[in-house]
Amino acid sequence: MTIDFKEKESVIEKVKSLLGGEEKFAMVETYGCQQNVNDSQKYEGILEKMGYTLTHDREKADFIMFNTCAVRENAEKKVFGNIGALKHLKLKKPDMVIAIAGCMSQQESVEKKLRRSHPHVDMILGTRAMADFPEALEKVLSERKRVINRREIDYICENVPTNYDGGCKAFVSIMYGCNNFCTYCIVPYVRGRERSRSMEAVLDECRLLAKKGVKEITLLGQNVNSYGKDLGLTEGFATLLCEVDKIDGIERIRFMSSHPKDISDKVLETMATSRHICHQLHLPLQSGSDKLLKEMNRVYNTEKYLSIVKKAKELMPDIAMTTDIIVGFPTETEEDFEGTIKMLETVKYDSIFSFIYSKREGTPAAKMDFVATEEEIKARFDRLLEVQNRISYELNKKCEGEEQMVLVEGVSREEGVLTSRNYQNKIVNFKGDESLVGKMVKVKITKAQTWILIGEMCE
Ligand code: SAH
Ligand code: SF4
Ligand code: F3S
């Protein structure tokens with residue numbers, strides 16, 4: 001089902017009139033992944049259309065939304081802490097509207113907790129509440145009643161006003177939901193089933209961004225490699241990549257996340273022969289133990305994973321690889337963990353995103369018993385980082401002396417220093433004028449560090 005947001009214009013107008021003539025401020029705080037960030041940009045776009053001015057100042061805000069994440073317990077704890085902190089604001093400003101949206105509030109247990117213990121929350125919105133958001137806000141403003149919307153019908157919303165920040169980079173969601181049910185993961189439960197936007201809708205959005213001066217687009221989905229399967233397309237993602245690559249003005253194309261079980265040779269070949277697709281592949285491994293991969297329901301083994309890496313490196317010798325690793329999955333033994341370390345040494349990732357396993361109620365892994373203690377898991381995590389830091393530094397060191405094109409993203413904290421990214425998505429800091437923000441610049445790498453590269457502008 002597709003909902004056209006243009007149909008919401010009359011409700012948006014109603015909200016606008018309810019807000020009155022005075023300037024009203026709204027803010028959206030994001031706690032989750034890139035897809036969550038993209039949803040927040042849409043909520044911001046809708047709020048702007050309603051007449052709100054966006055702010056980053058909680059004290060100033062007449063409307064505050066927390067767009068939440070449920071993937072790990074820490075993320076949830078942080079949100080609950082911050083919701084508590086909003087209580088005093090609401091006392092000072094009783095008319096302010098507080099909304100909790102996103103993956104965390106999609107869960108029934110969270111709804112209950114919010115209802116019981118946080119009466120100052122006016123709106124509880126799940127992951128599929130965006131289409132109903134204008135009506136919900138109208139109701140809160142006109143009736144001063146709490147609205148709860150956790151509808152579970154999967155749909156796609158098109159033509160949603162979006163606040164792209166006016167920056168040089170933008171996210172474009174190409175699909176929503178997830179069908180994979182990895183045993184540790186809450187995402188399929190809170191985000192619903194996989195559904196792809198039409199290719200035309202995605203391309204129209206990319207073309208619009210190119211017109212706005214955006215230079216880099218990241219295509220988003222929980223598993224972009226299965227893009228279009230629900231639309232009856234074969235090699236849908238490779239075809240989409242080819243089409244986005246044709247759009248003039250877009251200098252860099254990235255995508256995430258790429259599930260190893262679904263990536264095709266065609267996608268790798270398309271990357272290799274494209275004009276603008278960055279030679280950078282985020283390929284979540286999760287674990288280097290075949291036993292664990294099976295228990296995680298990842299549907300690939302290390303052999304299959306390594307064959308993808310081999311193919312990618314053959315086609316693109318300059319490819320940068322990144323990954324996600326979970327340490328301390330309940331059944332992970334020391335030997336399983338050694339398998340993960342071995343994969344790090346074999347693949348040589350440029351960087352990794354590593355997480356200590358967090359139990360998510362309702363997932364199959366939540367019922368598994370732990371074989372390691374917390375201390376053992378923590379020690380594994382530290383060791384993983386140590387190994388990776390060495391590898392990252394070694395790979396960065398190879399960049400010294402190279403001349404690279406970078407996209408300047410902004411100014412760094414250090415006076416007179418700009419921060420940028422190279423095509424491999426590595427951060428490159430160099431001295432330069434602020435007027436270069438948003439531009440592609442050639443930089444010579446002068447020094448490697450573990451996390452960043454230092455460079456100087458080429459004449
Ligand atoms: N769809 C993406 C991942 C989205 S979640 C993919 O499969 O590639 C981002 C990362 O969070 C995952 O790759 C995983 O490493 C981590 N993660 C998910 N559930 C987790 C949990 N219960 N505990 C710890 N890390 C988790
Ligand atoms: Fe979670 Fe697995 Fe889906 Fe990624 S593919 S969102 S890890 S269930
Ligand atoms: Fe993203 Fe967190 Fe939801 S990782 S999909 S915001 S649970």
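So, what does the shell around ligand 1 have by class: how many nonpolar, polar and charged residues? Seven are nonpolar, four polar and four charged, where Ala, Val, Leu, Ile, Met, Phe, Trp, Tyr, Cys and Pro count as nonpolar, Asp, Glu, Lys and Arg as charged, and the others, Gly among them, as polar.

Quick housekeeping. This is a predicted model, where local features need pLDDT of at least 70 and side-chain atom pairs count only at pLDDT 80 or more, while totals for chains, interfaces and linings use all residues. Residues are numbered from 1 along each chain as its sequence is written, chains are lettered from A and ligands numbered from 1 in the order they are written, and side-chain values use heavy atoms, leaving out hydrogens and water.

Okay, ligand 1. There are 15 residues around ligand 1, and Gln222, Pro284, Gln286, Asp324 and Ser358 come nearest; a residue counts as near if one of its heavy atoms lies within 4 Å. Now the side chains. An N or O atom of glutamine 222 sits 2.7 Å from a nitrogen atom of ligand 1. Glutamine 286 has one 2.7 Å from an oxygen atom of ligand 1. For arginine 72, a polar side-chain atom is 3.1 Å from a ligand 1 oxygen.

And where is this? Domain 2 (164–278) and domain 3 (282–397) both give residues to the shell, so ligand 1 lies between them; those bounds come from an automatic or database domain assignment.

Last, ligand 2. Its surroundings include Cys178, Cys182, Cys185 and, here too, Gln222. By class, that shell has seven nonpolar, three polar and one charged residues.

Definitions and conventions
Polar contact = N/O pair within 3.5 Å; in protein donor to acceptor, adjacent residues only side chain to side chain.
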